[in-house]
Amino acid sequence: MNLATAAGAQQMRIDAQGQSVGRSIGAQRLGAVHPGYLNNTSRSLFDPTLEAMAPVDRRALQRAAFTIEWERAWTLPFYRERYLQAGLKPGTIPDLSDIPMVRKSDLRANEAALPPFGSHRAVNLADAVRIARSSGTTGRPWYTFYTIDDIDRMREIDRTIYWRAGYRPGMHYSLSFPQNLYPTNVNGGRSMRDAGMLEIPVGVPFSVEDAVGHIRVWQEIGVDILMLSLPQLNLYDEAARSIGLDLAELLSGNIVSIIEASMQWETPRKRLEAAYNIRVRNTYGVSDCIGFSVLDGETHSGMAQPVNYYITQICDPDTGREVEPGTPGHLVVTMFGMDQFMLRFDSEDVVVERTDPCPTGSTLMRWNYLGRTADMAVIGDVRLLPVQVQLELEAYGAPEFGIAPGAADVLRLKVEHPDADSIARHLSERLGVPATVISAPQGSMPRSTYKPRRLAFD
């Protein structure tokens, strides 16, 4: 019996016992769109029954689901060895915070010791119907294997987050993310189709000429939603000007879902929205945990965890314990109810939980994403992420910049702005650390064709 078949049999047993795992947390799968759903496109939540569930009820269902995953973990040598060393036992369900966290470095070490794919995977190559691979910018490219059922579950997740962001049937959606093996492309077209939208997968614009080609497609086909990064938006602006076009006129009224942490704050978001007459949404994901992709909503009330298949915690990276709401910590993800498996995965992304009520009525955990631990500058006992510097540079017209990460006695910064001394004084006063700023000529710092480069510093 292959994994997909075994997982299906397990799901039948779980459902028969009334213990909801993933798809059965609600009365039915999100994939089975309820009659009348698409007739009420003004509602804020795709499925209020699930998304506005009482937190105590959601935790109870997640706990029931977790008991299944805890037993699965002991069948994988990677997890079994770690848990035995921690003094844990199968059959005895610990508190989630008592379970050791797993980081990408742990998984890489496991695969190096047991090539090519280690002993941590519940879904291996023989079980997969689709593969994805990371770009490899921070090391050896990372493979992910998908079963057909997990692809269906990912589409369920996408439909809820798309709805939250204001995507609606009939819209034209264009994706400027990498295509082919890149994880986002595994799901994009399928999810667009399921949500009743037209997908326009233009891919990454590697040059002004590429960007002009994408713009021509948007002019001919029409576009309502773009998903891209801030460097890409800047490149499209340059390309539009090169052919005598006002990009703001082309994009007027569009939703732009953007990879840019600073846009979670009102000042930079409104600046960008006014510049292009667009409606900005923020996008975030943990690609190591398949399907874990989120968008903030029309109310900009934080990134909301996916409805099903995940338990999210915000934890102290040293202790693994949850921090108090409002305190920055690492986002830790536990998957359940999917064929693929990840238990207590430390994304090493720094987030802070939102505690204000969501205007939509959603009761899902929400957070603001602050950045990657690897990008942090540590000045004495002060830890700074690029977005903190970026928000302070709004006062200087939001120029391009790069910082030096890691431990140092002074914050080192390069900025495309002539008044380095003024910026240094401003940052020192606002951030509470000494700062050294070097002025760079306008346009001289490296530009990315995808994600922003905030560590471009010599």
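The side chains of K104 and D288 are joined by a polar contact of 2.6 Å. By polar contact I mean a pair of N or O atoms within 3.5 Å; within protein, one must be able to donate a hydrogen and the other to accept it, and residues adjacent in sequence count only if both atoms are side-chain atoms.

Before going on, some ground rules. This is a predicted model, in which local features need pLDDT of at least 70 and side-chain atom pairs count only at pLDDT 80 or more, while totals for chains, interfaces and linings use all residues. Residues are numbered from 1 along each chain as its sequence is written, and side-chain values use heavy atoms, with hydrogens and water left out.

Back to K104. This residue sits in helix α5, residues 104–113. Helices (H or I, at least four residues) and strands (E, at least two) are DSSP runs, numbered from the N terminus. Leaving out residues up to four places away in sequence, K104 touches W142, D288, F345 and E348; contact means heavy atoms within 4.5 Å.

Next, the cysteines. How many disulfides are there? The count is zero, with a disulfide taken as a pair of cysteine sulfur atoms within 2.5 Å. C289 is buried at 0% relative accessibility, and C315 is buried too, with a relative accessible area of 0%. Buried means under 20% relative accessible area, exposed over 50%, and partly exposed in between, using a 1.4 Å probe and protein chains only.

Now to a sheet. It is open, has three strands in the order β16-β18-β19, and its pairing is mixed. Two strands pair if DSSP finds at least two bridges between them. β16 (401–403) and β19 (435–439) are at the edges with a single partner strand each, so one side of each has no neighbour in the sheet. On average, neighbouring strands here are turned by 20° against each other, direction ignored.

Strand β18, residues 411–415, runs parallel to β19, with five bridges joining them. L413 stands opposite V437 in β19, and V415 has S439 in β19 as its bridge partner. Four of the five residues of β18 are buried.

What packs on this sheet? Helix α13, residues 420–431, does, touching β18 and β19, and its direction makes about 150° with that of β19. Axes are lines fitted to C-alpha atoms, for helices over the stretch in contact, and angles run from 0 to 180 degrees between N-to-C directions.

α13 has twelve residues and reaches 16 Å from its first C-alpha to its last, close to the 16 Å expected at 1.5 Å a residue; the expected span is 1.5 Å times one less than the number of residues. Its buried residues include A420, I423, A424, L427 and L431. The buried residues of α13 pack against β15 (382–384), α12 (386–392), β18 and β19. After the helix comes G432, with a positive phi near 75°.

Last, another sheet. Open and mixed in pairing, it has three strands in the order β15-β14-β17. At its edges are β15 and β17 (406–408), each with a single partner strand, so one side of each lacks a neighbour in the sheet. Neighbouring strands of this sheet are turned by 25° against each other on average, direction ignored. Three bridges join β14, residues 377–379, to β17, and these two run parallel. I379 stands opposite A408 in β17.
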